[in-house]
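Here is a friendly walk through the aromatic pairs and nonpolar residues of one model. Have the sequence and the structure open as you read.

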Amino acid sequence: MPIEEILLYLANNNFTYEYVLIFFILSIIGFSLPIPYTLIIITNVYVFGWVGFFLVILSVPLGSLITFFYVKKFSNFIRKMKFFHKIFQNKLNNTIKFYNNIYVLIFIRATMPFFLASVILPLTNMSINKYLYITIIGTFSHILLCSLITNSVRDSIINYNDIVISWNDPRFFLSLIILFSFVYLGKKINTKLFNDNNKK
């Protein structure tokens, strides 16, 4: 089946609540694994519209909670891995001030790759309540922007019954600009933070 037909079918689907439950469970598992979480967001929202948005909002903290528990369980092993050892050498989590700044932590959660942040944050001996709070607040803007873009594309496909993107829809291009700006700014700030602290 051509990809165009698959996209049209998914956009115009009439899936029942059983499929919503299946996607919800799969999303929780997906968010606990090193899978690009933007892809999971787009899939849910494209198939279920704004229902998919709420599926993601609920499954993100649950999936990251699974990561939290297995990172805690295998924390000693993970810390010995070359990448994480470099980050946490010389007790980085106790010496760098931003690890105690809730606003910076939320920003890091919002801009750092989702799974990487899900692994690093529990290694800072963060409480589970703080971890969930940072995850929910830090990921909301990204989920909302991706949902706005995806829903705009989905609505265009449903209206035209063809793979068409409505470039006149402000939801699409404004959300896209904000999203790319946010990612670019986040990478710049994260790079500066880690480079500055590595020099100390």
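## Aromatic pairs and a nonpolar core

Nine aromatic pairs turn up in a search of the whole structure; rings of Phe, Tyr and Trp (its six-membered ring) pair if their centres lie within 6.5 Å, with planes under 30 degrees apart called stacked, over 60 edge-to-face and the rest tilted. This is a predicted model, where local features need pLDDT of at least 70 and side-chain atom pairs count only at pLDDT 80 or more, while totals for chains, interfaces and linings use all residues. Residues are numbered from 1 along each chain as its sequence is written, and side-chain values use heavy atoms, leaving out hydrogens and water.

| Pair | Centre to centre | Between planes |
|---|---|---|
| Phe31 and Phe114 | 5.7 Å | 65 degrees |
| Phe53 and Phe140 | 6.3 Å | 70 degrees |

Phe31 in helix H2 and Phe114 in helix H9 are 83 residues apart; helices (H or I, at least four residues) are DSSP runs, numbered from the N terminus. Phe31 has a relative accessible area of 0% and is buried, a term for under 20%, with exposed over 50% and partly exposed in between (1.4 Å probe, protein chains only). Phe53 is buried too, at 6%, whereas Phe140 is partly exposed at 40%.

Phe31, Phe53 and Phe114 are among the 11 residues of the largest nonpolar core, a set of buried Ala, Val, Leu, Ile, Met, Phe, Trp, Tyr and Cys residues joined through side-chain atoms within 4.5 Å. H3 supplies the largest share of this core, four residues.

Technical notes:
Helix = DSSP H or I, 4+ residues; strand = E, 2+ residues; numbered from the N terminus.
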